[in-house]
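Here is a quick tour of one model, written for someone who likes to know the cut-offs behind the words. Have the viewer open as you read.

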Amino acid sequence: MRRSLPRPHRRWTAYAASLLLVTTALATVGPPAAGAAADPVAVTVNARAGLATVPDTALGVNHAIWDAKLGSTETSDLLKAAGVRMLRYPGGSYADIYHWKTHTAPGGYVAPDTDFDTFMAAARRVGAQPMIIANYGTGTPAEAADWVRYANVTKGYGAKWWTVGNENYGNGLYGSAWEADDHADKSATQYAKLVIEYADAMKAVDPSVKVGAVLTMPGNWPDGITAGSDPGPWNRTVLSLAGPKIDFVDAHWYPGGTAAESLTRTNQISDATWLLRQQIDRYAGANADRIGISLTELNVDAGRTTQPGALFLADAYSGLLEQGVFTVQWWNVHNGIGTVSEVAGQTDYGDFGMLSSGGCTGDGEVCEPPFNTPFAPYHALSMMNTFARPGDQFVRAGTDQPLVSAHATRRPDGSLAVLLLNKDPDTAYPVAVDYAGFTPADEAPTVHTLTNGASGVTTDRSGSATTRTLPPYSLTTLVLRPAGSSAGRPGAPGRPTAGAVTDRAATLSWPAAAVGAAPIAKYEVYRQYGAVSEQLGETAGTSFTVRNLEPGTRYTVNVLARDTAGRVSWSSPPLTFATGSPADSGCAVRFHNDTDWGNGYVATVEVVNTGPDPVDGWTLTWTWPTGWQQVSSGWNATWTQTGTEVKVTPTADNRRLAAGGGSTSVGFVGAYSGPNVPPGVFRLNGTVCTVRP
């Protein structure tokens, strides 16, 4: 299992004790001397390749009822200054022991001045929407409905977002029990059935509320594990039963590992969100695309209050929002001192909070800075507020250096913001930025910078739009004005949909773009290929059939409108779809995950000769979609893996497959350290096979 014990941030004792101790500020140590890379990193920003639009709920954090300063003016003003637009309450696992009417949490600590009305006053001062966790573990649907009534009918708060419980898969169902759950039946099936009751009761009071169910992030424990009599793993079970009743799903992500490891694991985001969306579409019933995704807890194990935490926050928030997650929320505002260490020359207090709690270690040897001193992740959130504003559209950006990440947004006024992250603690990297679909003005850009150990983001106008040197362990945002006016261009086409998807073709359709200063001449269809756009075709209409696609392949496409004067619209929202396998082939493969334990599994692969002639000797091949999947061992065949390529050859006993349905079954033990994306294509002796469910 990836995670079997409750995390320290669940406890109130560290924070409560910290309030009783005298605080002192520590002098910080200067950053280590930096080397410099010789060759510039190639950065590509592609304004033609649109991703998700930034929602007004994007930047979020958690508030907890053990935090006596939850409603203070100073705390609220700091959160407002950082651009916080959503606040979650009453705090992680405490939600499943919290009773809002009595403002009690039996077995836990509730600080003074943290009741619901105080929280709502703080949220209003911040300018943030609330996300409220209804008590599933020790509560009832009636209690949740009463809360909705009080919030939205009695008080008129207009609280829209409500989640049923916190990490309810951690109730002992899979062996670990950190989440309170008083129900005799702790199965995923029972949780789903009660989510329906909660949703019905809450919406009977206020039909406008949005109700969310708890899922696990793909690639994180207990993803893939089936327990007891449930019909499948947690996500499948919950979605299959409660899908028609919910409006969003809620997941958490703690990537773990060292500072360097956590900073590499942001490359798992696109695969994890793709798998989560696939699960929703497959199991949640009709109109599943209405169901949103929230990511309401996020943090790291190493470098929580220093630059690794800041870099991870900016990279992860950007990556998740690019994929259409409607809110990302850091754990936590205040939490308390943990294990103290030194990270890249800076004192790290091991505190999950983005603002100092002002406490000391138990022996009094080390104290945090004064209360509410911002830590590095707070400054990174402030950077996100300058980079990705509500209404901006993310566009593709990439680099050729794994330690340098890039993200970009295009703004309604036509300007562009580029976020550059140097994840190397020791080396400064020169970068050369190339732009597609955007021409920057010939002037110095506005530059926002957060360096290792800095007390905040600095802003100036300097340099050029195309060259820059990134200090070690730094975040840099460039804001660029366009060279020309965008007046008169067509509006962006609507989000495409895909129909008649086969192994080799798909028909794309989209809502027409609004006409600008000249008639629309054509629509251009592009595939996102990394940070590069590949044009798939063009048409005068609002649908286009793309051919010559590869079987079992994921495609992300956009549509742009071009008018008769040559003006080009913004990119449409993206569509991601996957081609299938051939309906008719000389072979078929069934790939079945038999049992899973969170970072490994046993699988059976059935190989079938559907052709008219016998096969005497065969080779089955596939390519893993990611670099973190592998075959550990296998049976009934010879198994080899080179890079991501898997090759399976028969034994003497099963080398012959009879014509017209002759088959054999082979098996292997697989391992994964990220989202376990199934292979899309299987080839038998070079022939692409039909994939059977």
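## Ground rules

This is a predicted model, so to speak of local features takes pLDDT of at least 70 and side-chain atom pairs count only at pLDDT 80 or more, while totals for chains, interfaces and linings use all residues. Residues are numbered from 1 along each chain as its sequence is written, and side-chain values use heavy atoms, with hydrogens and water left out.

Helices (H or I, at least four residues) and strands (E, at least two) are DSSP runs, numbered from the N terminus.

## Helices H5 and H6

Start with H5 (residues 188–205) and H6 (residues 234–242), which pack at an angle of about 30 degrees with their axes 8 Å apart. Axes here are lines fitted to C-alpha atoms, for helices over the stretch in contact, and angles run from 0 to 180 degrees between N-to-C directions. The crossing is right-handed, meaning that the near helix is turned clockwise from the far one by less than a right angle.

On the H5 side, the contact (heavy atoms within 4.5 Å) uses Ala188, Thr189, Tyr191, Ala192, Val195 and Ile196. H6 brings Trp234, Thr237, Val238, Leu241 and Ala242. Sorted by type, that makes nine nonpolar, two polar and no charged residues. For the bookkeeping, Ala, Val, Leu, Ile, Met, Phe, Trp, Tyr, Cys and Pro count as nonpolar, Asp, Glu, Lys and Arg as charged, and the others, Gly among them, as polar.

## What sits around H6

The buried residues of H6 are Trp234, Asn235, Thr237, Val238, Leu239 and Ala242; buried means under 20% relative accessible area, exposed over 50%, and partly exposed in between, with a 1.4 Å probe and protein chains only. Their cover includes H5, E7, strand E8 (248–253) and helix H8 (269–283).

Tyr283 belongs to H8 and touches Arg236, Leu239 and Ser240, leaving aside residues up to four places away in sequence. Tyr283 counts as partly exposed because its relative accessibility is 24%.

Thr216 is in the loop between strand E7 (210–214) and H6. Is Thr216 buried or exposed? It counts as buried, because its relative accessibility is 2%. The Thr216 side chain reaches the backbone oxygen of Asn220 at 3.3 Å, and that of Trp221 at 3.3 Å too. Both are polar contacts: a pair of N or O atoms within 3.5 Å, where within protein one must be able to donate a hydrogen and the other to accept it, and residues adjacent in sequence count only if both atoms are side-chain atoms.

Beyond four places in sequence, Thr216 touches Tyr169, Trp221, Pro222, Asp223, Trp234, Asn235 and Leu276. Two of those names come back in a cis peptide bond, the one that joins Trp221 and Pro222, with omega about 5 degrees.

## The loop between E4 and H3

A cis bond also joins Tyr89 and Pro90, with omega about 10 degrees, and Pro90 is in the loop between E4 and H3. Most residues other than glycine have a negative phi, and most peptide bonds are trans.

His103 lies in the loop between strand E4 (86–89) and helix H3 (116–126). Its contacts, not counting residues up to four places away in sequence, include Tyr89 and Asp115. His103 and Asp115 are twelve residues apart in sequence and 6.0 Å apart in space, C-alpha to C-alpha.

Seven bridges join E23 (residues 520–529) to E24, with Glu524 facing Glu538 as bridge partner. These two strands form a hairpin with two residues between them, and Gly530 in the turn has a positive phi of about 65 degrees.

Another open sheet has five strands in the order E33-E34-E31-E37-E38, again antiparallel.

Asn636, in the loop between strand E32 (629–635) and E33, has phi near 65 degrees. Asn685, in the loop between strand E37 (683–684) and E38, has a positive phi of about 50 degrees.

Key
Two strands pair if DSSP finds at least two bridges between them.
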